[in-house]
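Student: I've got a structure open and I'd like to talk it through. Can we go question by question?

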Amino acid sequence: MAVDLSKYRNIGIFAHVDAGKTTTTERILKLTGKIHKTGEVHDGEATTDFMEQEQERGITIQSAATTCFWDDHRFNIIDTPGHVDFTIEVYRSLKVLDGGVGVFCGSGGVEPQSETNWRYANDSKVARIIFVNKMDRIGADFYRVVEQIKEVLAAKPLVMCLPIGTEDEFSGVVDLLTRKAWVWDESGEPENYELQDVPADMVDKVEEYRNELIETAVEQDDDVMEDYLEGNEPDIDTLKRCIRKGTINLDFFPTLCGSAFKNKGVQNVLSAVVDYLPSPTEVPPQPIIDLEGIETGEVATVTADAPFRGLAFKIMDDQYGSLTFTRVYSGVVKKGDNLLNTFTGKTERIGRLVEMHADSREDLDSAQAGDIIALVGLKNVQTGHTLCDPKSPGTLEPMVFPAPVISIAVEPIDKTNAEKLAVAIGKMVKEDPSFHVETDRDSGETILKGMGELHLDIKVDILKRTHGVEVTVGAPQVAYRETVTKRIEDTYVHKKQTGGSGQFAKLDYIIEPLDDPESEENFEFESKVVGGNVPREYWPAVEKGFRLSMDKGVLAGFPMMKVKVTLVDGAHHAVDSSAVAFEVASKAAYRQSIPKAGAQILEPIMKIDVFTPEGNVGDVIGDLNRRRGMISAQDSTPTGIRVKAEAPLFDMFGYIGDLRTMTSGRGQFSMEFSHYAPCPKNVTADIIAKAEAEKLAKQK
C-alpha cells in the first residue's frame with residue numbers, strides 16, 4: 001500500500017534545560033488524541049520521560065520517539081534532552097529528522113544549550129520553526145527573545161503571531177496571517193478558545209509585523225513580489241507557499257509563541273509544522289558513501305521503489321530485548337527480512353518491526369521510506385550504522401561523536417556483580433556512543449568515560465537500578481592529553497644479533513607539533529624518503545610504530561595529540577631488515593625523541609555558562625577566578641545575570657554544590673568541552689607526581 005509521504009512530518013523538539021520541551025510534547029500528544037491524561041514533568045509523570053532517573057530529576061536524558069496524527073498528517077516526534085551532558089542525543093536525533101521545533105523560554109530567552117543545539121541543527125541543515133514558550137512566566141518578553149534569536153543565534157525569525165498580554169495577563173495570540181485573535185479561557189483545556197477580532201490596542205502593532213511578514217515571504221517568489229510591489233496583496237495560500245519555501249531553504253524560521261503548560265498556542269504550532277516544515281521528500285536526499293567514506297555520487301532518494309536504506313540512530317535495551325531505532329531513507333522493510341549492516345559486513349534478520357510510543361509499542365508488518373521505527377532482534381548494530389538491502393549495498397553518512405573529557409573508576413563489590421557488570425556495560429556502550437569504557441591494563445579497574453559529572457552520575461545510577469549492579473565509585477579523573485612544543489630532528493638505529501638473521505632498522509626523522517587547528521587528526525605521518533634507503537613497504541610499519549606509541553605520553557602516560565612525524569631518511573639491510581624491525585625502531589625512536597621535543601601536558605578547558613541572581617554576582621565571579629576561570633561576558637536578564645567563562649575541568653568538580661550555597665539554591669550552570677590548553681607548571685608538576693605515585697603503587 002503506497003503511503004502519501006507529503007503527509008509525513010519527522011520532527012524533533014529541542015531546547016535548553018527547562019525551556020519546556022517535554023511539556024510541549026505532552027500537550028501535542030494530548031491535542032492529537034494520543035494520550036488522554038496529560039503527564040506533568042514536575043510530577044515525574046511525563047509520557048516521554050519514562051526512565052526512573054528522568055522522573056526523579058525532572059530532566060530528559062534520552063530522546064523518546066512517538067507517533068501521532070494532526071489534520072490528516074502523520075507526525076513522528078522525538079523529544080530530545082536539553083542538558084549539555086546529553087547533547088549527543090540531540091545530535092543523533094537531528095541527524096535523522098526533516099524538521100525541528102526549537103523551544104525557547106519566554107523569560108530565559110536564548111540560553112547556552114539552545115545555542116549548541118541550534119549549531120547542531122545548522123550543521124545538519126534541519127528546517128525549524130521557533131516556539132517561544134512560557135509566555136505566562138514572570139519576566140516573559142516575546143519581543144526581547146526575538147531580538148536575542150537575531151543577535152545570539154544570527155538567525156532570522158519570521159514572526160507569525162503576537163502575544164495578547166504577558167505574564168499573568170497572557171490570554172492568547174494574534175495570528176498575523178488571518179488577523180484573528182485566538183483567546184483561551186482559564187480552564188487550561190486546549191480546545192476552549194474563541195476566535196476574536198484583534199484587540200484595539202494591538203491593531204497598529206499587528207499591521208506593522210504583518211507587513212514585515214509579507215515583505216519577507218514574497219522575496220521567495222519573483223512573480224508574487226512583482227505583484228505585491230504593484231499594490232496587490234497575495235492571498236493566504238500564496239503567502240503560506242512562500243513561507244514554506246523560505247523555511248525549507250533555511251532563509252528564515254517561522255516564530256510562534258504561547259504557553260504549553262497552560263495549553264495556549266499549541267494548535268498553532270501543530271498547524272505551522274504541517275504548513276511550513278518539510279515532508280521527507282522535500283529534504284535533500286542523503287548521499288551514499290563507499291567503505292572508504294567517499295561519496296559515490298548516488299543518493300538515498302526518499303521513495304518506496306528504491307533499494308532499502310536505513311540509518312540506526314539509537315539503540316535501546318528493554319525487557320523485550322534490544323531495540324534499534326531506525327530512520328528509513330528509501331525502500332521498504334518487512335518483518336523477517338535480512339538486512340546488510342555495511343559497517344560489519346554481516347547480514348541480520350529482523351525479528352519484529354514496531355512503531356514506538358515512548359516506552360510502549362505497536363507491531364507492524366512493514367515500514368517504508370520516511371518512517372521512523374524500531375527493529376527488534378538485531379545483534380551487532382550500533383548507533384550510526386547503515387542497514388541496507390544485501391543485493392544493493394551502500395552506506396549513509398555515519399555520525400561523528402565527541403571524545404569524553406571525564407572518567408571515573410568503578411569496582412564491583414563481589415564476583416556476582418563483576419559478571420553482571422560486564423553484561424550491563426556492554427549494553428550501555430551500545431546505547432550511548434559518547435559513553436566509553438575501558439579496563440586499566442595495570443590495575444584491572446573498569447574506567448567509565450563520559451561528557452560530564454552528571455552524565456557519569458546517571459550511568460552509575462542506571463548500573464545500580466536498571467541492571468542491579470552494585471559498584472564502588474572512585475573520584476572523577478580528568479582526561480588530560482600530552483603534546484610536543486618543539487621541532488626536532490633525530491636518528492635512531494635498531495640492531496639486534498641473536499645468531500641467524502638479526503634485526504636492523506635505521507630512521508632519520510623529524511618530530512614537530514601539528515599546527516592545523518581545523519584538523520580533527522591528532523597524528524600525521526609523512527615520508528620524504530627518496531632513493532629507497534627505507535623501502536616503501538616498510539613505511540606503514542614506521543607509521544604504525546609511532547601511531548601506537550601515541551597512546552602513552554612520556555610525562556604522565558596520557559595520550560598524545562597534535563604530533564607530526566616526518567620520515568626523512570634511514571637505512572635498511574638486505575637480510576636483517578623487516579617490517580617488525582622498523583616498527584620496533586619507531587617505538588624506541590618515539591621514547592627517545594618525544595622528551596627532547598618539549599613534551600607538555602594539556603588540560604580540557606570547559607565553556608561555562610552560569611546564571612546567578614544579581615546580588616550574588618560578585619561571589620560567583622570571585623569563585624570562578626579562584627577556579628582559574630577567565631570571564632568572557634556578563635549579560636543582564638530580567639531575572640538575574642548570566643556569566644560566561646572558560647575554566648579547566650579539574651577545577652570545576654563539585655561546582656554545582658558550591659554555586660547553590662552561594663546563591664541560596666537559585667544559581668544554575670551548564671558547561672561543555674571547549675578545547676585543550678597547556679597546563680601551568682605547578683599543575684603539571686602535581687599531575688606528574690601523582691602519575692609516578694600510582695605507578696609505584698601498582699608495582700608494589
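Predicted model: local features only at pLDDT ≥ 70, side-chain atom pairs only at ≥ 80, totals over all residues.

Student: How many aromatic pairs does a search of the whole structure find?

Tutor: Rings count as a pair if their centres lie within 6.5 Å. Run that search over the whole structure and the count is 12.

Student: Why is the pair of Trp 184 and Tyr 193 called tilted?

Tutor: A pair of aromatic rings is described by the distance of the centres and the angle of the planes. Planes under 30 degrees apart would be stacked, and over 60 would be edge-to-face. For Trp 184 and Tyr 193 the centres are 5.8 Å apart and the planes sit at 50°, so the pair is tilted.

Student: Is Trp 184 buried or exposed?

Tutor: The cut-off for buried is under 20% relative accessible area. Trp 184 has 4% relative accessibility, so Trp 184 is buried.

Student: What kind of aromatic pair do Phe 650 and Phe 653 form?

Tutor: Phe 650 is partly exposed, at 45% relative accessible area. The two ring centres are 6.3 Å apart, with 65° between the planes of Phe 650 and Phe 653. Over 60 degrees has its own label, and that makes the pair edge-to-face.

Student: Which elements cover the buried residues of H13?

Tutor: Helix H13 runs over residues 579-593 and reaches 21 Å from its first C-alpha to its last, close to the 21 Å expected. Its buried residues include Phe 582, Glu 583 and Tyr 590. The cover includes helix H12 and strands E31, E32 and E34.

Student: Zooming out, what share of contacts in the chain joins residues at least 24 apart?

Tutor: The chain has 700 residues, and 54% of them are buried. Its secondary structure comes to 16 helices and 38 strands. Take the contacts between residues at least 6 apart in sequence, and the share joining residues at least 24 apart is 71%.

Note on methods
Residues numbered from 1 in each chain as written. Heavy atoms only, no water. Helix = DSSP H or I, 4+ residues; strand = E, 2+ residues; numbered from the N terminus. Expected span 1.5 Å × (residues − 1). Buried < 20%, exposed > 50% of the residue type's maximum accessible area, 1.4 Å probe, protein only. Contact = heavy atoms within 4.5 Å. Phe/Tyr/Trp six-rings, centres within 6.5 Å; stacked < 30°, edge-to-face > 60°.
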